[in-house]
Amino acid sequence: MGRALIYVIFALCAAMTLLLLLILLAEPVAGAGGVAHPVFEGMRRGGDGAARLQHIGAYAYAFQALLLALIVALSTLGISERHRSARLRGYMISTFLFSAFILWRMVASHQHFLATGETTYFMGFPAATAWAIYGVWAGAVPLMILYVAGFRQYIYTEDDEAQFNALLEETRAQDTQAGAR
């Protein structure tokens with residue numbers, strides 16, 4: 001699985017690079033950087049959100065989804081290959097799906113606003129903003145749970161600690177022998 005994971009990471013990075021190129025080469029939209037505010041000088045307004053996303057919206061969405069997959073893949077790479085069980089793979093895939101769901105809800109809420117002009121609110125924010133504020137950080141919680149609850153099983157096992165302590169003892173013994181000369 002170790003080599004396959006490296007290939008997955010490479011493929012994700014290559015796909016993200018391709019998407020960035022497509023975004024850079026997309027047809028420019030007038031007012032994409034905002035338009036002058038009618039009341040406050042020096043302030044800019046967003047302009048037409050649908051027009052800004054017309055040529056790059058799908059690319060940007062795909063890029064973010066691939067970034068979430070890359071985060072999960074790199075987190076998996078940080079776990080020793082001998083601890084990457086089918087159970088862990090299932091957990092990591094679930095983590096990605098949870099984050100992708102949050103991304104989908106954030107984008108869908110924004111698309112709903114663009115299509116209808118109606119704003120729904122959740123805990124004081126428009127729905128899309130609420131998904132961004134409350135959802136995005138929540139998407140990282142499964143990885144934090146894995147690190148905390150699975151630390152001794154996946155990150156630094158009792159066997160890893162014993163090997164590390166043996167290495168320390170060996171190094172101390174070598175230092176003692178070198179100092180005695």
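Modeller: Here is a short tour, starting with the ground rules. This is a predicted model, where local features need pLDDT of at least 70, side-chain atom pairs count only at pLDDT 80 or more, and totals for chains, interfaces and linings use all residues. Residues are numbered from 1 along each chain as its sequence is written, and side-chain values use heavy atoms, with hydrogens and water left out.

Colleague: How many salt bridges are there?

Modeller: Four. A salt bridge here is a side-chain nitrogen of Lys or Arg within 4 Å of a carboxyl oxygen of Asp or Glu.

Colleague: Which residues are linked in a network?

Modeller: Arg152, Glu158 and Glu161. Arg152 meets Glu161 at 2.9 Å, N to O, and Glu158 at 3.9 Å.

Colleague: Is Glu158 buried or exposed?

Modeller: Exposed, at 56% relative accessible area. Arg152 is partly exposed at 37%, and Glu161 is partly exposed at 26%. Buried means under 20% relative accessible area, exposed over 50%, and partly exposed in between, with a 1.4 Å probe and protein chains only.

Colleague: And what does Arg172 form a salt bridge with?

Modeller: Glu169, with the closest N and O atoms 2.9 Å apart. Both lie in helix α8 (residues 158–180), three residues apart, about one turn of the helix. Helices are DSSP runs of H or I with at least four residues, strands are runs of E with at least two, and both are numbered from the N terminus.

Colleague: Switching to α5. Which of its residues are buried?

Modeller: Ala127, Ala128, Ala130, Gly135 and Ala138. Seen down the axis of α5, they fall within an arc of 145°, so they line one face of the helix. That arc is taken from the directions from the helix axis to the C-beta atoms.

Colleague: What do they pack against?

Modeller: α4, β3 (121–122), β4 (125–126) and α6 (141–149). In α4 (residues 86–116) you find Ser99, which is buried at 11%. Leaving aside neighbours within four places in sequence, Ser99 is in contact (heavy atoms within 4.5 Å) with Leu68 and Gly139.

Colleague: Last one. What makes the nonpolar surface patch?

Modeller: Ile6, Tyr7, Leu74 and Leu77, over about 370 Å². α1 (2–25) and α3 (57–77) each give two or more residues to the patch. Patch residues have over 30% relative accessible area and no salt bridge; like charges are joined within 9 Å, nonpolar side chains (Val, Leu, Ile, Met, Phe, Trp, Tyr) within 5 Å. Areas come from the Shrake-Rupley method with a 1.4 Å probe, and for residues only the protein chains shown count as cover. Leu74 is partly exposed at 43%.
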